[in-house]
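This report describes selected features of the structure shown below.

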Amino acid sequence: MSHRLFLPICLLVVAVGTLGCSTDSSSSAANTRTGPWWVCPPVKGPGLEHGRKCATNADCMYGHCFDSGFLAGYVPGIKFCTKNNGCTGGDSSSSAACSTDGAFASAFEKSTSGGNAKRTSPEPYKVCAKTCASDAECANWNIEMPDCIKSSTDYVSMGTKGVCGVNPFK
């Protein structure tokens, strides 16, 4: 299931009134925390690692084939495996560290107030990405995400390690 379907499903459930979606009190927007993306802790299985090209959720070790989104420069059709590093949000005890799977680091979706004019989700995504030192390293990992993003952009906020993605700002 595409990550873009979770919000409409949650809103439908809230409208019907059979179940509720929890919210993140740190934001005034109606933040959703339901659906497979928010299952905590993420369950690891067989499949492709973070940042690898995928076609369906079944291809990925955490069952999430992320379609487009901030790390792919919002380019439709670029799909990659990842897990929700924010898991349930809130404090650090509810995060799912990317480094437990190897050479991976967190990448966060920037907010609209942070300059991200393309963001459409009510709350930011926090995903695991392949760490990198060069564009060639990223192109070898996933040809559709060939850029080693070494500093934050209008779409991506990250730590001190470069991560593979699509950088339309270079």
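## Contacts of Val156 and the nonpolar core

In this predicted model, Val156 is in contact with Phe70, Leu71, Ala107, Phe108, Lys110 and Ile149, when its neighbours within four places in sequence are set aside. Val156 also belongs to the largest nonpolar core, which has 21 residues. Phe70, Leu71, Ala107, Val127, Val156 and Val163 are the members with the most contacts inside that core.

Two or more residues of this core come from each of strand 3 (104-109), strand 4 (126-132) and strand 6 (156-158).

## Ser106 in strand 3

Strand 3 contains Ser106. Ser106 has a relative accessible area of 18% and therefore counts as buried, the limit being under 20%.

Apart from neighbours within four places in sequence, the residues in contact with Ser106 are Asn85, Cys98, Lys126, Val127, Met158, Gly159 and Val163. Of these, Val127 and Val163 are also listed among the core residues with the most contacts inside the core. The contact with Asn85 includes a polar one: the side chains of Ser106 and Asn85 make a polar contact at 2.3 Å.

## Asn85 in its loop

Asn85 is placed in the loop between strand 2 (79-81) and strand 3. Its relative accessibility is 2%, so Asn85 is classed as buried.

Besides the polar contact with the side chain of Ser106, a polar atom of the Asn85 side chain lies 2.5 Å from the backbone oxygen of Ala96. The C-alpha atom of Asn85 is separated by 6.1 Å from that of Ala97, a residue 12 positions away along the chain.

Strand 7 pairs with strand 4 in the antiparallel sense, over two bridges. Here Cys132 has Gly162 of strand 7 as its bridge partner. Strand 5 (residues 147-149) is also antiparallel to strand 7, and three bridges join the two. Asp147 stands opposite Gly165 of strand 7. Ile149, one of the contacts of Val156, falls within the residue range of strand 5.

Methods:
Residues numbered from 1 in each chain as written. Predicted model: local features only at pLDDT ≥ 70, side-chain atom pairs only at ≥ 80, totals over all residues. Heavy atoms only, no water. Core = buried A, V, L, I, M, F, W, Y, C linked by side-chain atoms within 4.5 Å. Buried < 20%, exposed > 50% of the residue type's maximum accessible area, 1.4 Å probe, protein only. Helix = DSSP H or I, 4+ residues; strand = E, 2+ residues; numbered from the N terminus. Contact = heavy atoms within 4.5 Å. Polar contact = N/O pair within 3.5 Å; in protein donor to acceptor, adjacent residues only side chain to side chain. Pairing = 2+ DSSP bridges.
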